[in-house]
Amino acid sequence: MTEAATMTHSTAAGGDALLRIEGLQGWYGESHVLHGIDFEVREGEVVTLLGRNGAGKTSTLLAIMGILSKRKGSVTMRGAETIQMEPRHIAKLGIALCPEERGIFSSLNVEENLMLPPKIADGGLSVERIYELFPNLLERKRSQGTKLSGGEQQMLAIARILRTGAKLLLLDEPTEGLAPVIVQQIGATIRQLKQEGFTIVLVEQNFRFAASVADRHYVVDQGRVVDMIPNAELDANIDKLHAYLGV
Amino acid sequence: MFELLGIPPQVLMGQLLLGLINGSFYAVLSLGLAVIFGLLNIINFSHGAQYMLGAFVAWMLLEYLGINYWWALLIVPIVVGATGVVLEKLALRRLYHLDHLYGLLLTFGVALIIQGLFRNYYGISGLPYNIPSQLSGGQNLGFMFLPNYRGWVVVASVIVCFGTWFVIEKTRLGAYLRAATENPTLVGAFGINVPLMIMLTYGFGVALAGFAGVLAAPIYSVNPNMGADLIIVVFAVVVIGGMGSIMGAIVTGFGLGVIEGLTKVFYPAGSAVVIFVIMAIVLMIKPEGLFGRNA
Ligand SMILES: Nc1ncnc2c1ncn2[C@@H]1O[C@H](COP(=O)(O)OP(=O)(O)OP(=O)(O)O)[C@@H](O)[C@H]1O
Ligand SMILES: [Mg+2]
């Protein structure tokens, strides 16, 4: 990491981070994939993790959630250290994951999928509000979860973590493989959620989409966070970003 | 009275009823196996021993404590289920990250130990357990005589099977179970205590075996081998229905009991093997089982 990058991102994050990650390393069995992830997210921010295929973005979210269980370093949520915790205890601190593969359950109908994650705190969206945001889900609430279109499944995967009272949402490539209109809809949803007070870590490959929703961007490369770019400075850094993403 | 292919209706109906009763045991036992396999991915080879344990605990409650059949129906599943919970906590949970085969071997070993202990203490001759007085006697239905207790076995099994089906398929608790069966990691990441669910599910599956054991005590003699003989057929039923399918286990259990009964009428020599023949055919045509979700 360059010195300039270190400086910008420690100052940008300010004092009271909701989520703070320092020196996070992670392994799948013997395979060492995260080598030093450092970043912070403040309450109410939308922050993206950008990076090419295999950079370690998904692994970072899984390590935060405790699903990637072989991990080292420090992950704190509102100051509470979670590096030794099990996923279900991390969830209770108010962190919720919308996984890359969406994780819709085929043996549950849409409504059951929506109602599955238990409430962990007050202040989640009401079911009525969720159906207002995603009217398709209401129409199809008796359908088998996996019978929905890709876009609807993505909506469902996001919708079900809004009810629980979790305030920090980890969204893993919610636009992957979806048609442009659906991508726009998801963008609008994310901006809406920010307004409602959610804090979001968004993994993206599509940096145009990322630019339309985020406050700041962290660049992940080979298991490390190598740069931080505020959204306002994205245009000025476009060449650098292209080089990082290899596009 | 009519006759079908020269077979008197009393004989036909009698065997049909016998088939339904056997089918009741097949259904309750294969249901327990399916519930366990679905969530734990373990083929519970000690299921027959746990069924036998159910019958023995009912017998002991009556013999040593004077606790009657009706209380046994309630107490035995709890006691036998609790032994399952202990087994899961002490042993099975150490095997989840290994191949299915290890769970099968462990539970098989447990079955041999339980059966060996009971054989040692109680011999193999079998202990009598009387039909509860409320259910002695029977009904004359005109075309056949229906012993009350046998009718009760069928009714109780149907209630337990469909109650279990309802809880799993139609309730919130069941939704947790179905979801954890598909993707336990994600369910855990939502804050649900999956290890606890697994432990209680195993306990419940085993409790079903214990319940079947109480139902069996007054009809079959209570002896250490009663489970070992039955469980082989039940495994064939599970293979035919498809591992892990709840409705599959129930329907196949009752259905095969009836088919076995009818075989006794029309081709008595085949009745002992008909289920295995069906199993072989199903394995060739639809290896994932009649109700199996995936191959
Ligand atoms: N289950 C796994 N077992 C072993 N290695 C894995 C596993 N999942 C991912 N990896 C490896 O870890 C590294 C980081 O992968 P990760 O999925 O975190 O990347 P990513 O940035 O999310 O990529 P993508 O944009 O393709 O989703 C890659 O080298 C990948 O091959
Ligand atoms: Mg990924």
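A salt bridge is a side-chain nitrogen of Lys or Arg within 4 Å of a carboxyl oxygen of Asp or Glu. Here, Glu112(A) pairs with Arg178(B) in this way, with the closest N and O atoms 2.9 Å apart. By that rule, one salt bridge crosses the interface of chain A and chain B.

This is a predicted model, in which local features need pLDDT of at least 70, side-chain atom pairs count only at pLDDT 80 or more, and totals for chains, interfaces and linings use all residues. Residues are numbered from 1 along each chain as its sequence is written, chains are lettered from A and ligands numbered from 1 in the order in which they are written, and side-chain values use heavy atoms, leaving out hydrogens and water.

Let's look at where the chains meet. Counting heavy atoms within 4.5 Å as a contact, 22 residues of chain A touch 18 residues of chain B. Of the area that chain A buries against chain B, Arg88(A), Phe105(A) and Leu116(A) supply 33%, more than any other three residues. Buried area is the accessible area (1.4 Å probe) that two parts lose on being put together, summed over both.

Helices (H or I, at least four residues) and strands (E, at least two) are DSSP runs.

| Span of chain B | Distance between end C-alpha atoms | Helix and strand |
|---|---|---|
| Residues 12–35 | 33 Å | 100% helix, 0% strand |
| Residues 232–259 | 17 Å | 86% helix, 0% strand |
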